[in-house]
Amino acid sequence: MSLALVTGATSGIGLAFARELARRGDDLVLVARDVDRLGTLADELRAAGRTIHVVPADLATRDGVAAATDAIRERRIDLLVNNAGSSIGKFFGDTDVAAEDAQLDLMVKAPMDLMAAALEVMRPRGSGRILNVASIAAFTPRGTYSAHKAWIVNLSQWMNIQYAREGVVTTVLCPGFVRTEFHQRMGVDPSDVPGWMWTSAETQVRGALADLEKGKPISIPTVRYKVLGTVARYAPASLVAAVAKKGRKIAG
Ligand SMILES: NC(=O)c1ccc[n+]([C@@H]2O[C@H](COP(=O)([O-])OP(=O)(O)OC[C@H]3O[C@@H](n4cnc5c(N)ncnc54)[C@H](OP(=O)(O)O)[C@@H]3O)[C@@H](O)[C@H]2O)c1
């Protein structure tokens, strides 16, 4: 049995991680903003026999990040799942810079601070696992969102090389389109995305945990996205950017 901290556990991929890890016997620290949803999930997982701690936190704020890093240090977690995230439904240049600052705090600063706290706990112990949720967008030029995801892919790859020999394994999950609340929250209409490009949160979670188990630095769970990810890395950037615009129509 181990203790996992999952950020963004109230919806989508994070919710699927929380349920799957609980099913496998892990106890959990659940982090997100929505207190009611956190409480409902905690009750569900406690009823299944797990010990659940809840940390309501806005990870785009200093206090929210401090609450999560305190939980990592105090509870000496075994697995960190850096999953919480969102995107803005406009391209950089049309966005408000304050909103971009908040995105940078949520997508880059928060996972960095949580990883630093996790390494403090895991390296002296000689064991631990970190699973970061990026996106296949990390391999495409697509504004600040893809830049944030490229940052975490790069850092995760290095952490795997640097710390796996000390017993701390880092894997970064790069999902394609996943049916969650993500696009609705962003205010975009993803109806131009063909059906075959959608995957489920459960598929992503099972694939990521299997790859983490094997110590792989990058996890791309389905064959179609393994192919798309490879093409994205080698095709001309302007072509990749044109395809990557899919799913970004403003809803309304
Ligand atoms: N869906 C996709 O197509 C897709 C594709 C590639 C990668 N991803 C990545 O997958 C991750 C999970 O997204 P999802 O698709 O599962 O979206 P989702 O259904 O909207 O879930 C996002 C989760 O993040 C939490 N969250 C958002 N802002 C937060 C904040 N400021 N502080 C704390 N928690 C916050 C939300 O909880 P609260 O609202 O309760 O705070 C929610 O639990 C993200 O990193 C996203 O970039 C998604």
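Visitor: Does Thr10 count as buried or exposed?
Guide: Thr10 lies in the loop between β1 (3-7) and α1 (12-23). Helices (H or I, at least four residues) and strands (E, at least two) are DSSP runs, numbered from the N terminus. Buried means under 20% relative accessible area, exposed over 50%, and partly exposed in between (1.4 Å probe, protein chains only). Thr10 has 12% relative accessibility, so it counts as buried.

Visitor: What kind of model is this?
Guide: Residues are numbered from 1 along each chain as its sequence is written, and side-chain values use heavy atoms, with hydrogens and water left out. Local features need pLDDT of at least 70, side-chain atom pairs count only at pLDDT 80 or more, and totals for chains, interfaces and linings use all residues: this is a predicted model.

Visitor: Which residues is Thr10 in contact with, leaving aside its neighbours within four places in sequence?
Guide: Contact means heavy atoms within 4.5 Å. With neighbours within four places in sequence set aside, the partners of Thr10 are Leu15, Ala32, Asp34, Arg37 and Leu38.

Visitor: How are α1 and α2 oriented to each other?
Guide: α1 and helix α2 (residues 35-47) pack at about 15°, with axes 10 Å apart. Axes are lines fitted to C-alpha atoms, for helices over the stretch in contact, and angles run from 0 to 180 degrees between N-to-C directions. Angles under 35 degrees count as roughly parallel, over 145 as roughly antiparallel, 65 to 115 as roughly perpendicular and the rest as oblique. The two helices α1 and α2 are therefore roughly parallel.

Visitor: Which residues of α2 make the contact with α1?
Guide: On the α1 side, the contact is made by Leu15, Ala18, Arg19 and Ala22. The α2 side supplies Leu41, Glu44 and Leu45.

Visitor: Which hand does the crossing of α1 and α7 have, left or right?
Guide: The axes of α1 and helix α7 (residues 201-214) come within 9 Å and cross at roughly 55°, so the two helices are oblique to each other. A crossing is left-handed if the near helix is turned anticlockwise from the far one by less than a right angle, and right-handed if clockwise. α1 passes α7 in a crossing that is right-handed.

Visitor: How far is Ile13 from Thr180, C-alpha to C-alpha?
Guide: Ile13 is found in helix α1 and is buried at 13% relative accessibility. Beyond its neighbours within four places in sequence, Ile13 is in contact with Asn83, Pro175, Val178, Thr180, Ala201 and Val205. Ile13 and Thr180 are 167 residues apart in sequence, yet their C-alpha separation is 7.2 Å.

Visitor: How are α3 and α4 oriented?
Guide: Helix α3 (residues 62-75) packs against helix α4 (residues 97-125) at about 15°, with the axes 9 Å apart. That angle makes the pair α3 and α4 roughly parallel.

Visitor: What distance separates the C-alpha atoms of Asp70 and Ala117?
Guide: Asp70 lies in helix α3 and is partly exposed at 37% relative accessibility. Ala117 is one of the α4 residues that make the contact with α3. Asp70 and Ala117 are 47 residues apart along the chain, and their C-alpha atoms are separated by 8.2 Å.

Visitor: What is the phi of Arg76?
Guide: Most residues other than glycine have a negative phi. Arg76 lies in the loop between α3 and β4 (79-82) and is partly exposed, with a relative accessible area of 45%. Although Arg76 is not a glycine, its phi is positive, at about 50°.

Visitor: How many aromatic pairs does a search of the whole structure find?
Guide: Rings of Phe, Tyr and Trp (its six-membered ring) pair if their centres lie within 6.5 Å; planes under 30 degrees apart count as stacked, over 60 as edge-to-face and the rest as tilted. The number of pairs found in the whole structure is 3.

Visitor: What is the pair of Tyr145 and Phe182 called?
Guide: Tyr145 in helix α5 (residues 143-163) and Phe182 in helix α6 (residues 182-186) are 37 residues apart. Tyr145 is buried at 10% relative accessibility, while Phe182 is partly exposed at 21%. Their ring centres are 5.7 Å apart and their planes at 50°, so the pair is tilted.

Visitor: What is the angle between the ring planes of Trp158 and Tyr163?
Guide: Trp158 is partly exposed, with a relative accessible area of 41%, and Tyr163 is buried at 10%. Their pair is edge-to-face, with 5.7 Å centre to centre and a plane angle of 80°.
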